Every structure is written in structure tokens, then in C-alpha cells.
Amino acid sequence: MRAFYQVLVNTALANVTSSYLWFALTFWVYLETKSVLATAIIGGSYMLLVAVFGVVFGVIVDHMKKKSVMLLSSIVTASAYVVAGAMFVAFPESALLDWTGPWFWAFAGVILIGGVVENLRNIALSTTVTLLVPADRRDKANGLVGAVQGIAFMVTSVFSGLSIGLLGMGWTVAIAIAATGVALIHLMFVPIPERGVAHVEGAAPKGFGFKGVIPAVMAVPGLLALILFSTFNNLVGGVFMALMDPYGLTLFSVEVWGIVLGVTSFGFIIGGALVAKFGLGKNPVRTMLLVNIGIALLGMAFAIREWWWLYGLGILIFMALMPIAEASEQTIVQRVVPFEKQGRVFGFAASVESAAAPVSAFLIGPIAQFWLIPYMNSAEGQAAWGWLLGDGEARGIALAFVGASLVLLLVVLLAFVSKPYRELSDAYAAAPPSLHTEEDGTHSAAPGAPATSAIGEAGEDLRSGLR
């Protein structure tokens with residue numbers, strides 16, 4: 001557990017850095033261009049890259065030691081941020097802010113790459129919970145992960161807004177480079193007890209083929225349905241991802257909006273702490289669906305009037321629910337999927353689930369910019385929807401929130417009465433812990449599960465991974 005806590009702290013430091021620069025980029029672009037379409041494309045591009053590389057990241061996690069994976073992630077992220085800093089120095093800010101030109105997308109793309117590669121570390125963290133934490137404490141450990149991520153979100157939300165408002169984008173990139181370097185150096189001294197790479201059927205993994213990804217998912221009844229449900233959830237989530245910052249920046253200045261996000265991110269800490277204290281109950285599948293009902297109802301209410309306190313309270317509750325939903329999915333996979341296959345399953349889930357958000361983000365950006373916002377600012381729109389949404393500058397965005405949340409609610413209710421829900425609940429109840437942690441950091445397979453073996457040290461893992 002001591003090793004797990006150190007990994008958790010280091011991951012928090014790395015996530016602070018990537019979130020800090022990612023938030024700052026979004027704030028900077030919207031404030032300088034006033035374009036919802038530009039921020040939607042940036043957000044959608046991030047999720048698209050996560051989708052494209054999710055399976056690749058998962059296979060890398062299964063083929064390398066977890067510390068080697070985290071080091072690789074930190075090195076790539078640090079390199080990307082250094083390139084972004086060089087671009088900011090080399091080109092005038094006006095060129096980097098012309099979102100119709102190539103340098104804007106090159107600059108944003110480099111920052112996106114640094115943030116996307118951070119997901120490699122996060123997938124490794126999910127499997128490290130299985131590696132280091134006893135089976136009966138994993139749901140609570142996942143709650144701690146959510147709480148720590150909430151702290152990171154709180155810190156970065158405040159400092160991103162203040163950084164853009166007071167220092168500008170140049171100093172923001174410089175701070176991100178320095179913080180990434182600190183996280184990388186700290187990681188070098190973090191121990192992750194792991195004698196070797198866990199593998200299947202007594203043979204060390206060879207190459208980076210995706211042959212075992214789909215069978216690993218299909219082997220558990222209902223698991224594919226869970227991933228597809230989360231995919232749909234992200235389809236709806238793409239609407240919020242694209243529009244929450246523009247909506248918030250119509251109510252607050254950038255400095256205050258950053259502080260609002262920082263304060264409301266206490267919700268992450270609250271939700272994660274509740275899971276860490278009480279767990280997820282006997283059936284995390286049911287818990288996850290109940291949480292999504294709450295998210296849908298919240299999405300229909302938190303922007304129904306253009307009141308700053310209502311929006312802030314809604315975000316606080318939303319952030320408290322998210323760690324519970326995420327911990328539920330992680331705990332299910334950690335229980336029903338053998339450890340040596342968890343990286344590819346988490347990676348596959350990240351790819352499929354993330355692929356949905358860019359679709360809705362790319363669609364909702366132009367829809368909001370060219371139809372919903374002008375429509376709700378017209379007399380016709382006010383006459384049709386004013387009774388529900390009131391009046392104000394961002395009623396078109398509010399209409400998008402309500403519509404997306406209503407669709408989510410209907411899908412969750414259908415999921416509750418579905419056969420895959422019952423199958424996955426039964427599979428979770430019947431599955432023995434796939435791996436238990438021993439005091440010396442080694443791991444034993446549960447009865448009937450594959451054994452583990454070593455295939456070399458971290459440097460060899462990294463070299464074979466790059467090959």
C-alpha cells in the first residue's frame with residue numbers, strides 16, 4: 001500500500017501539469033477567438049486522439065513493467081511541452097491565435113499530444129491498483145484515485161484561469177515544462193514492486209498485436225455492453241465537454257471561472273472520499289447506473305436558468321458523481337478480467353468510449369454556433385422555450401444540455417432492464433479475485449488463473465516496447 005500511495009501522489013503531480021496546460025489552452029483560445037467552434041474542435045480532437053491510441057496504450061501496458069510505462073509517458077509529455085514552448089517563442093502570438101491557420105493547430109496539437117500520452121500513465125495506474133492493492137480494498141483504492149484526481153483538478157482549475165488572466169500563455173507553458181520535469185524526476189525514485197511482466201500461458205508477450213483484445217472483452221458476459229453503455233455516456237458527455245467552458249465564461253471572467261472550477265472540484269474529492277470510505281456496495285454495476293440517472297437529471301437542471309449559483313452547484317454535484325461512476329467501472333474490470341489482460345481491456349474501453357465524445361463535440365460546436373444560439377436569441381426561440389429556459393445570453397447552450405441529458409436518462413432506464421446488466425452483475429458476483437498482493441510485492445494467481453513470470457528489467461521492457 002505504501003508503494004501505491006507513492007504512485008498515486010506522483011500521478012497526481014503529473015495530472016496537475018497536463019490538466020493545467022490543457023485548461024489554459026481552452027481558456028486562452030476561447031477568450032482570444034470567441035469561437036465555440038474552435039474550442040469544440042480542440043476538445044473533440046483530444047478525445048479523438050485518446051480513442052485512436054487507447055488500444056495501443058493498453059497493449060503497451062500489458063507488455064511492459066508499469067514503472068517503465070509511466071516513465072515513457074512522462075518523457076513524451078515533457079518533450080511535447082518543450083516543443084510547445086519553443087513554438088511560442090519562435091512565432092508571434094497573433095499567428096498562434098489564428099485558428100484558420102496552420103500554426104494554431106500545430107501549437108494546440110503539440111499540447112494535445114502531451115495531454116493524450118498522459119492517458120498511458122492513467123491506464124497503467126488502473127492496473128497498478130490490481131498489482132499493489134488487495135482485492136477487498138480495490139474499490140476504496142479507486143475512490144482514492146478519484147479523490148486525488150479531484151485535488152489535481154481543483155488546483156489546475158484555479159491556477160489555469162489565474163495563469164492565463166495574469167501571466168499569459170507563454171509563462172503558462174514555461175510553468176508546465178518545469179512541473180513536468182519535477183514529476184519525471186520524482187517518478188524515478190518511486191518504487192513499484194513488480195518482478196516481471198505478467199503474461200498468459202507461460203509465454204512472454206511478443207510484439208504488439210491486438211489479437212487478444214476482443215477475446216479478453218468477450219470472455220466476460222455483459223462486459224462489452226458495459227463498455228458500449230459508457231461509450232454512449234461519452235457521446236452525451238461530448239456535448240458538455242464542448243460547451244461547459246463557453247457557458248461558464250459567459251457568466252464569469254476567466255480568473256473567476258478558474259476559481260469556480262477549483263471550488264466546485266471539491267466534488268471530485270467528496271465523491272472519491274465517499275467511495276474510499278464506504279466502497280461501492282455489492283453490485284458496482286447497479287451503482288454505476290444509479291449514478292448516471294443522477295447525472296442525467298442534473299444535466300437537465302443546472303443551466304435551466306442563467307444563475308451563476310445554480311451552475312456552480314450543478315457542477316459541484318456533477319463532479320461528486322463522476323468519481324463514483326469511474327470507480328465503479330474500474331472495480332468491475334479489475335474483478336472480472338485477469339490481471340495480465342487488464343491493460344488491453346482498459347485501453348480498449350478508453351478507445352471505444354473516447355471515440356464517442358469527438359463525434360458529439362464536433363457536431364455540437366457548429367450546431368450551437370450557427371443554429372441553437374441564434375435560434376434561442378430570436379423571438380421565435382424565446383417564445384418556444386422561454387417558459388423552460390428563461391432568458392439570457394447562453395440559452396442555446398442550455399437547450400443543448402437539456403436535450404443531451406434527456407437522451408441519457410432514457411438510455412440508462414433501458415439499461416436497467418436489459419439482459420447484459422443482469423449478466424455482468426452475475427459475473428461480478430461469481431468472479432474470484434484474480435490476483436492478491438503479498439508483502440514482498442510479488443503476486444499469486446487465484447485458483448485456475450495464469451501464473452506470472454519475469455522477462456527482464458525496466459530498460460529491456462522499454463527497448464522492447466519501442467520496437
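Two residues are in contact when heavy atoms of theirs lie within 4.5 Å. Keep that in mind for this predicted model. Residues 24 or more positions apart account for 85% of them.

Now the overall plan. The protein has 18 helices and 2 strands. It has 467 residues, and 55% of them count as buried. The exposed surface comes to about 18,900 Å². Carbon and sulfur atoms supply 70% of that area.

Start with helix α2, which runs over residues 36-63. It has 28 residues. From its first C-alpha to its last it reaches 40 Å, close to the 40 Å expected at 1.5 Å a residue. Where does α2 bend? The bend is at F53, and its angle is about 45°. Next, look at what surrounds the helix. In α2, 21 of the 28 residues are buried, so this helix is largely enclosed by the rest of the structure.

Move to the surface. I259, V263, F266, I270, L274 and F278 form a nonpolar patch there. Together they have about 570 Å² of accessible area. Two helices, α10 (254-264) and α11 (266-278), each supply at least two residues of the patch. Which one gives the largest share? That is α11, with 4 residues. V263 lies in the other helix, α10.

Charged side chains come next. Side chains of opposite charge can pair when their charged atoms come close. The structure holds 3 salt bridges.

One joins R121 and E118, with the closest N and O atoms 3.3 Å apart. Both residues lie in helix α5 (residues 102-132). They are 3 residues apart, about one turn of the helix. Are these two buried or exposed? R121 is buried, and so is E118.

Another salt bridge joins R395 and E306, and here the closest N and O atoms are 3.3 Å apart. R395 lies in helix α16 (residues 395-416), while E306 sits in the loop between α12 (284-299) and α13 (308-336), so the pair ties together parts that are 89 residues apart in sequence. R395 has a relative accessible area of 0%, so it is buried. E306 has 23% relative accessibility; buried means under 20%, so E306 counts as partly exposed.

K419 and E423 also meet in a salt bridge, at 3.8 Å from N to O. Both lie in helix α17, 4 residues apart, about one turn of the helix. K419 is exposed, because its relative accessible area is 52% and the cut-off is over 50%. E423 is partly exposed, with a relative accessible area of 30%.

Stay with helix α17, which covers residues 419-430. Is A427 buried or exposed? Its relative accessibility is 17%, which is under 20%, so A427 counts as buried. Which residues does A427 touch, not counting those up to four places away in sequence? They are V220, P221 and V336. R335 is 92 residues from A427 along the chain, and the C-alpha atoms of the two are separated by 9.3 Å.

Notes
Residues numbered from 1 in each chain as written. Predicted model: local features only at pLDDT ≥ 70, side-chain atom pairs only at ≥ 80, totals over all residues. Heavy atoms only, no water. Buried < 20%, exposed > 50% of the residue type's maximum accessible area, 1.4 Å probe, protein only. Areas by Shrake-Rupley, 256 points an atom, 1.4 Å probe, with all protein chains shown as cover. Expected span 1.5 Å × (residues − 1). Bend = angle between axes of the 7 residues up to and from the residue. Patch = residues over 30% accessible without salt bridge, like charges linked within 9 Å, V, L, I, M, F, W, Y side chains within 5 Å. Salt bridge = Lys/Arg side-chain N within 4 Å of Asp/Glu carboxyl O.
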